[in-house]
Amino acid sequence: MSNTLAIAAVTSALQQILGDVANPLPGDPDPDSALPGAFVTCKPLDIARAQDEKKNQLNLFLFQLQHHAGFRNMATPGMHEGESAQQPLSLVLYYVLTAYGANDDDLQAHRMIGRAMSILHDNSTMSRSVLQSLIGSDLWQQAERVRIRPHPLGTEEISKLWTGFSRPYRISIGYEVSVVLIDSTKPAIAPIPVLTRGKPVGGVEPGPRVSANLELPYPVLESFECDLKRPAVRLGEMLTIRGHNLGGTPLVARFNHRLFGDPEELLPTGPRTPTSFQVQIPATAAAWPPGTYTVDVDVTSDQVRTTNVLSVPLAPRITSVTKVTSTSSLLMLEVVCTPEVWADQKVSLIVGNQQVAADPHGQTDTLQFMLDNPPSGLTYVRLRVDGVDSLLVTDFTSTPPVYDPLQAIILP
């Protein structure tokens, strides 16, 4: 999801993509001088074409916004079980693309609109790099990809559109861009996890999980296990990965993160069987950002075979929490964590059940959070990075489990 610059970011990205209209595409005449000086504007239809303009021109006009019905009915992304938050604002953007030929030559306009349509067709899924063209927007970080689709404009719709601006019709085509998700500014409610649960009514224990031990012909990753039954691994800890047909030699595990250019490769540590192996997560705080990693493994027996992908969360760890400013109505907390948080990661701190976003940051291990109307008394805090929380319970083998005292703070 993203901030309120998302709409402008899409328009800016489309303008950048269409900027290639002045350059010949593969298959066009070479050299092609038929579209010299072509440029792209983003103006309403009544002022798109200056009266004295004689150059080739494309105009991209955002003429309508609509809510995305499907995403309005979906659960809020990034929320964990038992949490609640206002759903993001989900939008579909509708554009009309108009071509103006040099010296009002329609043949030039037809050539230009054909090239522009080809460019948009080849870029129907907008790349994350082009979505970064507008400084300050973080639309490129949303999990859902932004896609461009043709939007048919009927005769009546075209007539109303151009008549409304009192301009004569010029060759045009409609496009829709979706989905654009804008974060809600309303704080999320995130209760601290329950330590123990009673038996269901009637004393019936929950049923066992079923696992099929099938002899599969290819190596498969099934699950992972962390120290002390933690739900996520941390820097420097041992990670056990379980599956089938993992007995080949050698074996290489690849860890990938959305911010990595190339995956990190780890070799197994300690004993290994055809159904499990262990790897040691490095303790390098700057090189392994917190968040969700995907893991796949190359297993070599008679040939090299690659497993399926397994998701493994790397949890941040809070090393200290300091009150910088503290009043009855305002609280600034400074949190030191490991590993370092990278600049393009979404970071929030959950104080009690109140979630607040981090102040702007680069790659750092020190973050600041400003809270309005903070809670009072003994309060537990959790650091959430890209949807992965610091572990408030660090040992799930104890009975009952206990909260981590390093994540507790007494507020006035």
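The following questions and answers examine a predicted model, in which local features need pLDDT of at least 70, side-chain atom pairs count only at pLDDT 80 or more, and totals for chains, interfaces and linings use all residues. Residues are numbered from 1 along each chain as its sequence is written, and side-chain values use heavy atoms, with hydrogens and water left out.

User: Is S172 buried or exposed?

Analyst: S172 belongs to strand 5, which covers residues 172-182; helices (H or I, at least four residues) and strands (E, at least two) are DSSP runs numbered from the N terminus. Buried means under 20% relative accessible area, exposed over 50%, and partly exposed in between, with a 1.4 Å probe and protein chains only. Because its relative accessible area is 16%, S172 is buried.

User: Which residues does S172 touch, not counting residues up to four places away in sequence?

Analyst: Contact means heavy atoms within 4.5 Å. With residues up to four places away in sequence not counted, the residues that S172 touches are V96, L97, T98 and W162.

User: How many Å separate the backbone oxygen of R170 from a polar atom of the side chain of S172?

Analyst: A polar contact is a pair of N or O atoms within 3.5 Å; within protein, one must be able to donate a hydrogen and the other to accept it, and residues adjacent in sequence count only if both atoms are side-chain atoms. From the backbone oxygen of R170 to a polar atom of the S172 side chain, the distance is 2.7 Å.

User: Which residue forms a salt bridge with R170?

Analyst: A salt bridge is a side-chain nitrogen of Lys or Arg within 4 Å of a carboxyl oxygen of Asp or Glu, and the structure holds 14 salt bridges. R170 counts as buried at 18% relative accessibility. In its salt bridge, the closest N and O atoms are 3.6 Å apart, and the partner is D106. These two residues link distant parts of the chain, 64 residues apart: R170 in the loop between helix 4 (155-164) and strand 5, and, in helix 3 (residues 106-122), D106.

User: What is the N to O distance in the salt bridge of R254 and D296?

Analyst: R254 is buried at a relative accessible area of 16%, and D296 counts as buried at 17%. Their side chains meet in a salt bridge with an N to O distance of 3.1 Å.

User: Why does the pair of R258 and D386 tie together parts that are apart in sequence?

Analyst: R258 and D386 form a salt bridge, with their closest N and O atoms 3.1 Å apart. R258 lies in the loop between strand 8 and strand 9 (264-266), whereas D386 lies in the loop between strand 19 and strand 20 (388-389), so the parts they tie together are separated in sequence by 128 residues.

User: How many bridges join strand 14 to strand 15?

Analyst: Strand 15 covers residues 330-341 and runs antiparallel to strand 14. Within strand 15, L331 stands opposite S326. The number of bridges joining strand 14 to strand 15 is eight.

Note on methods:
Two strands pair if DSSP finds at least two bridges between them.
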